[in-house]
Structures are given as structure tokens and as C-alpha cells.
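Reader: Hi! Could we go through the aromatic rings in this one together?
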Amino acid sequence: MTDSSASRLQFWTLYLSRFAGGFGSIALIIVLPKIATDLGIDGVAFGLLYTAYTLAQTVAVVPLAWAGDRYDKRIVLLGTLAVGIATYGAFSVVTDNAGLLAVRGLQGVVFTGMGLMTLGLVGQLATKGTRASRIGRANAASFAASIVGGLSAGGLYDYFGGSRELFLIITGLYVITFLATALLLSADETRVEGFPFADLALNRRILTLTSFRAQYSVAVTLVRNWIPVFAGYAAASGGLAMPAFAVSVITVSEKFTNMLLQPYTGRLSDASGRALFVFAGGGAYGLVAVVVPFTPALGEALGLPSTLPYLGAVSAAFLPLLLLNAGLGIADSFREPASMALFADEGSDGDGVASSFGIRELVWRPGSVIGPVAAGWLMGTVGMEWVFFVGGGFAVLGALTFLAVLWRYHGVNALAEW
């Protein structure tokens, strides 16, 4: 199916699904510590709430991607949305650690299934010449949800005096998304026999992309997670001890620029070469990241205020850190839709687009698990600034490795031709 034969409503339905998934995910990130506190969950039991989510995501990738390629992706998406309705409804009534752990695991399955099926369908419905642009719009919907949810979830929790009403709102959003998908999205008629993971895992282009993505996952996990840590952590431990709302504003800036630019950068990469955007975006991300520890010195040198209206005492580093984090979003907006489109290209010719995205997801997992542990060790032994030096180094090294592999196995013109 091409862009011309696929109605706009189908793409917008998939964008709505991306928004619903992103909103539910960010809402849990914000209110989960409060829920755990209300239920008296701490220590190892609290850590297991995050482990259950990540483990469930990892285990769900292969079977869900296989089912999407072997059967109708629309039906798999509808099934995932139905489980999501039940899951977020259960969040509103859970009363103990075991129940919270179970629904947290189900949330990981739901988020993974929605991500794989929506991206797979967007990549399949789009033509090769518009694929990165369409994926960029889908990602923009997810970032919009992160911004809206990030700024509203805590306020809704405080307003209602608990999480029950928030989860009912999310459940309602999932019901609307389910109905829109059932009514507006056409059946997926593609069928891939066998086990497409086996063939795609040895695909030369996917292996080339993996040479970048495996290293870049460490970079993003370190940098993206530790920007808010750097902004809000105690000054005695190397942080800037900014107020919570100031930390939220800084954190959202990366998502905001990413959301605004991805539809346009995706369109540019469709026209100008996707591999070039992966290389340039990944390398730029690393170069911006290594500057983050110098924001206090930059703020002092420029004589920037350490107190701002509505934010309070933020330190002179606030504005430089805000701009740098926005710059990280700009850099990643060049990389992400181009990278996703390259994976989709390899699976959309009948090889299994959902499995192609599944491999992309699995490649990310080791770095996302190792990254936080490494960041904690760096912060406790050599200083928090080294989290950003190492993270930026991984991004630059990943970009250079990608360039070297491209030249070695695909020719010196591959950077412009892919």
C-alpha cells in the first residue's frame, strides 16, 4: 500500500496510538514513586518495579514482532490496546506490591506492542520516499505525549489527591484509541512466513546500523537520564540542586525540539540520504553532550542570573543547560527518523517490518541496561561530569564506527546513497 492509497485518517489513527502509549508511559514514570510510597514499597521491591517493566519489554519483543509479521498487525495492535485498557484500569485499583508488580510488567508488554505495531504499520503504509517523514510525525506524537504528560501528570495527581483519576483518564484515552483503530484502520494483508528474525539478523545493512546503534544506546541512556540528575541532584554530590519544576522544564526542552523538528528532518532525510543524517545526528549529539558539565562555568562567565521568576533559585547554569538539552533534541531529531526508516526499508520488502523494528529494539537493550549502572559508578568514583564525557564519547565513537563500516563494506558513496 502506498501513501496515495492510504487515507490520512489511517496515519492519524496510528499517531493517536503513539500519543496514547507515550502519555501512559510518562505518567507512570512521574507518579510511580508516589504510588510506591502510598503502598509502603521501598528498597529492592521498589527497584523490581523498574526491572519488571524492562524485562517484560525485552521478553515481549520477539513474539509480538513475529505475530505482527505473520498475521494482521491491526489485530495485534487492537489486542495490545485491549490489554492496555485492562492494565491502566487495574493501576487505579491495585492495593499491594504483587498487584503493582504484575500490572507494571503488563504495561511493559503494552508499550512494546504498541510501539512495534504502530511503527511497523507506518513504515508499511508509507512509500519509501516518504517513510522517514511519516515516522518523524509518529515520533512527534509520542514526544508531544511526553511533554503533555510530563507537565500534567504530577499536577493531576496533586489535584485529585491520588492516582486513581489519572489512570481513569489514561484508560479513557486507550478506549478512544481502540475505537479509532477498529473503525478507521484497514486490515493488514501482508504475511511473512517462517521466522523473519533469522534472516534480518544477518542482513548487511542492519548489521551496519547495529554497529552504530549498540554504542549509541549507551550514550543516550547516560546523557538523557542524567541531565535531570545533574540539574536536580544535591550540590554536595555534583548536582546543581535546582527546584523540581526547573528540572522538568530542562527535561522537556529536549523532547520539545525533537517533537517540532522530526517531521521536517524526516522529510529532509528522505530526500538527502538517511545514512548521512544518522552519522551527523549521532556525532552532533555526542559533541553537545560533552559540553553539559561546563554549563555552570558558562553561566558564570556570561553573568547569567541564578534566580528566575516562577522557578526560584536555579543557578547560573540553568539557561545554558536548557539550551544544550534542547540542542540534544535537535541533534537526535536528525538521527531518529532516518535510523527508523532505514530499519523499515529492510523489512518492508516482504522480509518483516515488525521484526526489523524488533531487532532495532533488541539492539538497544544491552546499552540501556548497562548505561545506568555505569553512570552510577562514574558518578560515585570519578565525578558526575564523566557521565557526560563517556556518554558523548560513545555517541561520537558510534558515528565514526558507522562511517568506517559504511565505507568498508558498502563503498565510499554509501553515506549519501542510503
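Author: Happy to. Keep in mind that this is a predicted model.

Reader: Which part of the chain does Phe389 pair with?
Author: Its partner is Phe294, in the loop between helix 10 (274-289) and helix 11 (295-301). Phe389 belongs to helix 14 (residues 385-410), so the pair links parts of the chain 95 residues apart.

Reader: Is that pair stacked, edge-to-face or tilted, and why?
Author: It is tilted, because the planes are at 35°, and stacked would need under 30 degrees while edge-to-face needs over 60. The ring centres are 6.0 Å apart.

Reader: Nice. Which residues of helix 10 are buried?
Author: Tyr285 is one of them, and others include Phe277, Val278 and Gly281. The buried residues of helix 10 pack against several helices, among them helix 5 (131-160), helix 8 (204-232) and helix 14.

Reader: What about the length of helix 10?
Author: Helix 10 has 16 residues and spans 22 Å from first C-alpha to last, close to the 22 Å expected.

Reader: Switching topic, which charged ends sit over rings?
Author: Arg134 has its charged end over the ring of Phe11, 3.9 Å from the centre. Arg205 sits over the ring of Trp418 with its charged end 4.3 Å from the centre.

Notes
Residues are numbered from 1 along each chain as its sequence is written. This is a predicted model: local features need pLDDT of at least 70, side-chain atom pairs count only at pLDDT 80 or more; totals for chains, interfaces and linings use all residues. Side-chain values use heavy atoms; hydrogens and water are left out. Rings of Phe, Tyr and Trp (its six-membered ring) pair if their centres lie within 6.5 Å; planes under 30 degrees apart count as stacked, over 60 as edge-to-face and the rest as tilted. Helices (H or I, at least four residues) and strands (E, at least two) are DSSP runs, numbered from the N terminus. A charge sits over a ring if NZ of Lys or CZ of Arg is within 6 Å of the ring centre and within 35 degrees of the ring normal. The expected span of a helix is 1.5 Å times one less than its number of residues. Buried means under 20% relative accessible area, exposed over 50%, partly exposed in between (1.4 Å probe, protein chains only). Contact means heavy atoms within 4.5 Å.
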